[in-house]
Amino acid sequence: MSNETNRRDFLGMSFAAVAAVGGVASLVGMKQAWDPLPSVLAAGFTTIDLAKAELKPGEPKTFKWRGKPIFVLEMTKEQIAEADKEGLPKEYHLNIGDKTYTVVIGICTHLGCIPAWKGVKWKCACHGGEFNPSGKQVFGPPPKPFVVPPFSVEGSVLTLGNTGPQSKAMIDARA
Amino acid sequence: MALINESFFSAEGLEKRLAGKKFWKVMMTEYWIPKDINFLWALGVVLATTFSILIISGIFLLMYYKPDTALAFDSVNYTIMQEVKFGWLFRHMHGVAASVVFLIIYIHMFTGIYYGSYKKGREMIWISGMLLFVTFSAEGFSGYMLPWGQMSYWAAAVITNLFAGGSLEAWGLVEWIRGGFTVGDATLTRFFMLHVFLIPLVIIGVIVLHFYTLRIPHVNNQDSDDIDYDAEAEKYLSGNKRESKVIPFWPVFLSKDFAVLGIFLIFYFYLVFFNYNFAMDPVNFDPANSMKTPAHIYPEWYFLWSYETLRGPFFDMLGMKAGDIGLIIFALAQVIFVVFPFLDKDPEVLPAHKRPKFFIWFWVMIIDLLVLSVYGKLPPTGANAWVGFFATGLFLLLWASLPFITKSDAKARGAL
Amino acid sequence: MRELKILGILVFFTGVLYWGVEPFAHSQMHKHVEPADFSFKDVDGLHGARGNAINGKELVTSNCTACHGLKVEGMPAPMDDASAAAAYGVTPPDLSTAGYLYDENYLAAFIKDPAKAALVAHKMVDGKTHPMPGYSWMQPQEIADIVAYLQSIAPKEMTNKEVFVDACQRCHGAKYGDFRFDGTKSSMAAKTPDANIKEYMGTVPPDLSQMIRSRGHEYLEEFINEPGKHLEGTAMPRVGLKKEAQEQVVSYLEEIGDSSKDKRAEYGPKFLGYLVIFALFAWLWKAKIWREVH
């Protein structure tokens with residue numbers, strides 16, 4: 001009698017285990033169906049060739065990466081001197097050859113508006129925040145400098161989306 | 001004997017096969033409700049009606065809405081609003097009902113709190129009700145994304161950002177939810193699926209649970225009396241309707257529901273035709289633009305009080321970042337009302353006006369939620385930030401004090 | 001009685017919440033601005049001069065038709081829209097309706113100094129100039145003659161759509177004017193191509209199809225009359241529309257943006273009337289049923 005019961009129990013439990021494995025496998029598959037599509041992920045990488053971008057020193061240009069504005073500014077000698085005076089380390093900026101760039105996400109660190117370049121610095125229309133050419137907050141409510149996007153550098157080409165050593169250094173310099 | 005001999009095409013035959021008369025008795029004419037109730041008791045049916053309006057208007061919207069970031073805005077604001085016959089009507093009805101349903105939910109919730117309808121056997125009703133609040137919130141949030149206006153996009157961006165967990169920086173989770181790095185087409189279509197199919201299914205299931213768990217302990221009454229339903233039902237059925245403390249769901253309880261519904265519908269349709277900006281924010285009539293943040297981003301009014309708790313702590317303290325503290329309080333705020341039955345230490349079921357300290361607690365909570373709501377809409381600058389800070393602090397204090405307040409009332413009454 | 005008290009409390013708290021979250025909050029978010037001023041007091045206008053339309057015709061033909069069309073006199077624009085936009089940044093308007101649309105003092109001031117009258121001088125920096133040169137070197141009488149001529153050739157009436165096309169469509173699209181989901185190109189797209197206008201203005205002016213719902217009458221009236229009131233430092237020029245013409249613009253925006261407004265006004269009272277009857281019958285039935293149980 002007890003043998004029969006034990007065999008039934010064992011069989012019942014094994015069956016439940018098999019069903020559970022199937023259930024878990026289905027859930028894993030369903031989770032994967034929610035994953036971002038490969039084509040969407042691929043679109044998340046934007047390249048900017050600084051040599052071909054027709055940047056005018058002292059005049060930032062806005063690019064788009066993952067739906068966000070990216071401010072790229074080739075700094076003038078005066079702007080670099082200003083940054084030195086402020087005590088900002090070399091790694092605060094992107095240095096390629098003899099040029100120095102600011103590469104930041106153009107979203108105000110206060111409440112997310114997109115500031116506009118007003119000749120010498122970025123000014124945010126929403127609550128009056130201001131950022132200097134290095135992207136550091138210098139006036140008003142923004143609590144932090146512009147965020148540095150992850151990017152890697154090859155020659156003069158930036159690939160936004162990968163974290164390279166330069167962008168990591170820039171991020172660390174702002175910590 | 002399982003076979004039925006009466007013909008399918010006869011009254012008795014149909015009755016035997018469907019047990020319609022029996023069903024009608026159990027669900028309607030002999031489902032007993034206390035007689036000592038006021039119009040607030042009708043809000044359950046008002047909610048069921050509003051939900052039905054949402055489903056029916058939703059069905060018609062579904063015929064013309066296009067869940068694609070390039071097409072959504074125009075499918076709503078051109079096709080539905082200006083081309084489809086009565087399209088403007090069911091779009092307005094849907095938007096206004098989605099907002100008004102929360103007004104009724106909050107009144108319904110606070111009615112339950114006031115009369116103690118969440119304890120001594122009614123905890124499951126309360127919990128299933130709070131589950132409905134959470135699922136309706138998810139339904140409202142996902143629905144608001146669909147017109148793909150500026151507020152649709154930015155509210156989605158801000159709220160999905162929260163899932164990074166502040167300092168936890170769980171961006172992988174945020175990207176998984178969105179189906180991409182930013183709120184985009186993948187996000188829109190999956191929230192469309194949630195809004196149109198999955199969440200409504202879940203809501204219907206939880207409504208069934210809510211009604212089921214209500215039958216067993218019976219509906220509460222104005223004096224929170226414990227009624228002997230069998231005895232009172234006897235009185236009623238034997239013809240002594242005036243003496244009985246109970247009334248049948250049909251026709252007596254429902255007749256009052258319909259009367260209250262009549263008044264509600266006048267209020268609701270007045271809003272649909274003449275005063276709808278509170279539910280259909282003008283900012284959302286600007287097409288979504290990921291490169292242009294609106295000057296003021298705010299959620300719909302019913303989320304404002306918890307949104308303000310997110311912004312309430314605006315400086316670091318207790319070794320934690322302000323953003324993290326706010327996030328924890330915000331997450332808590334969505335569900336904290338669930339634990340109400342377990343924080344109330346008073347063993348008796350009584351209306352708030354018979355529980356002096358709880359009565360004060362109740363009205364202070366209402367006022368605090370109103371303050372949080374209004375300040376949740378205002379820009380969080382200057383003095384506003386401080387009001388939000390203290391209102392959030394008060395909110396937490398109220399919850400912490402609930403066990404002590406309720407215990408104190410019970411002791412004063414001699415019940416503890 | 002008790003139920004009335006409960007209802008009163010509900011109405012009170014709902015009212016306070018509504019007031020705080022709607023009228024009060026919105027008044028905090030949008031500062032009060034002065035109402036629209038159609039007298040254009042600030043401009044260097046005609047100063048009372050009366051013009052001679054015949055002289056004006058000569059002046060216009062010799063000075064303006066190099067860039068501007070004059071359809072009503074059989075003179076089309078010298079360049080097509082796209083070429084003109086590429087050359088000037090924006091397509092110059094045909095002048096046939098200018099006399100109907102724009103205030104005469106504004107017109108005089110504009111002809112003399114376009115950027116100043118249009119309140120876009122702040123944008124003319126770093127060597128940027130307004131595509132239209134100023135004519136302040138002319139005699140005041142000549143300016144008055146030009147304005148008089150423009151008024152003499154102007155139509156007596158224009159439809160709302162015609163006003164919009166002439167006054168706004170060079171920069172702003174209004175795709176709902178003839179929208180199709182099947183990909184048919186809208187005739188209501190902005191006349192200046194996006195690339196040109198972005199270069200010229202710094203940004204692409206928004207499509208106006210839903211502006212009536214996103215901004216509302218009051219805002220639009222104040223804004224069109226003086227854009228800088230609501231959008232400080234904006235690139236949108238003050239165009240100098242007369243009150244009636246501006247109202248026509250707003251009416252057109254309503255036609256394409258909120259065409260169901262009339263139906264709402266029609267069906268609203270009908271629905272509410274029916275519901276009052278419904279509520280009445282519901283209450284009567286409830287009273288009858290409850291009489292037996294009280």
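## Domains of chain C

In this predicted model, the C-alpha centres of domain 1 and domain 3 of chain C lie 26 Å apart. These two belong to a division of chain C into domain 1, covering residues 1-30, domain 2, covering 33-257, and domain 3, covering 267-294.

## Contacts between chains

Two pairs of chains touch, and of these the pair formed by chains B and C has the most contacts. Chain A and chain C, by contrast, do not touch, their nearest C-alpha atoms being 9 Å apart.

Where chain A meets chain B, each contributes to the contact, with 14 residues coming from chain B and 14 residues from chain A. On the side of chain B that touches chain A, the residues comprise seven polar, five nonpolar and two charged.

## A three-stranded sheet in chain A

Chain A holds an open sheet of three strands, arranged in the order S1-S11-S10 and paired in antiparallel fashion. Strand S1 (46-49) and strand S10 (151-154) of chain A are the edge strands, and since each has a single partner strand, one side of each is left without a neighbour in the sheet. From one strand to the next, the twist averages 20°.

As a general point, strands of a sheet pair through backbone hydrogen bonds, in either a parallel or an antiparallel manner.

How values were computed
Residues are numbered from 1 along each chain as its sequence is written. Chains are lettered from A and ligands numbered from 1 in the order in which they are written. This is a predicted model: local features need pLDDT of at least 70, side-chain atom pairs count only at pLDDT 80 or more; totals for chains, interfaces and linings use all residues. Two residues are in contact if their C-beta atoms, placed from the backbone, lie within 7 Å. Ala, Val, Leu, Ile, Met, Phe, Trp, Tyr, Cys and Pro count as nonpolar, Asp, Glu, Lys and Arg as charged, and the others, Gly among them, as polar. Two strands pair if DSSP finds at least two bridges between them. Helices (H or I, at least four residues) and strands (E, at least two) are DSSP runs, numbered from the N terminus. Axes are lines fitted to C-alpha atoms, for helices over the stretch in contact, and angles run from 0 to 180 degrees between N-to-C directions. Domain bounds come from an automatic or database domain assignment.
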